[in-house]
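Please work through the exercises below with the sequence and the structure open beside you. Try each task before you read its solution.

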Amino acid sequence: MQCMWCDSNQAEEAKMTGYWELPDGSRAIEIKEIPSVTCPDCGMEYQEETLVEEIEDQMMLIDTKPLPNSLTFKELMDVPRFLKRNYFKL
Ligand SMILES: [Zn+2]
């Protein structure tokens, strides 16, 4: 796949661990196995914009208080949403 930083075609999918601050700012949680892209040419490791938005939307729509300090991306996305739609976006 193509690297969004240097346009190299050598970029590969990877799973990364990241730290995410909760929307209320109370703490940061560790998210494991986040679908990511790594590029051997420029050394960038990043998440695509749409995925970052997905995580941020999910954080807004679930009750983050009972979340453990560490979970996988899939576990996070599987948490049931308590709002029917995203009221934070127009
Ligand atoms: Zn690159």
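**Exercise 1: the metal site**

Determine which arrangement the 4 donor atoms form around the zinc ion, using the angles that they subtend. The angles run from 108 to 112°, and therefore the arrangement is tetrahedral, since four donors count as tetrahedral if all angles lie between 85 and 135 degrees. For comparison, the ideal angle for four tetrahedral donors is 109.5 degrees. The next step is to name the donors (N, O and S atoms within 2.8 Å of the metal, or 3.2 Å for Na, K and Ca; water is not among the atoms, so sites may look incomplete). They are the SG atoms of Cys3, Cys6, Cys39 and Cys42, at 2.3 Å, and along the chain they follow the spacing C-x2-C-x32-C-x2-C.

The model is predicted: local features need pLDDT of at least 70 and side-chain atom pairs pLDDT 80 or more, while totals for chains, interfaces and linings use all residues. Residues are numbered from 1 along each chain as its sequence is written, and side-chain values use heavy atoms, without hydrogens and water.

**Exercise 2: accessibility**

Classify Cys3 and Cys6 as buried (under 20% relative accessible area), partly exposed (in between) or exposed (over 50%), with a 1.4 Å probe and protein chains only. Cys3 has 1% relative accessibility and so counts as buried, whereas Cys6, at 34%, counts as partly exposed.

**Exercise 3: a residue and its contacts**

Find which residues Thr17 contacts (heavy atoms within 4.5 Å), leaving aside neighbours within four places in sequence. The solution is Glu30, Ile31, Lys32, Glu33 and Ile34. As a further step, the C-alpha atoms of Thr17 and Lys32 are separated by 4.2 Å, although the two are 15 residues apart along the chain.

Conventions. Tetrahedral: all angles 85-135°; square planar, octahedral: opposite > 155°, others 65-115°.
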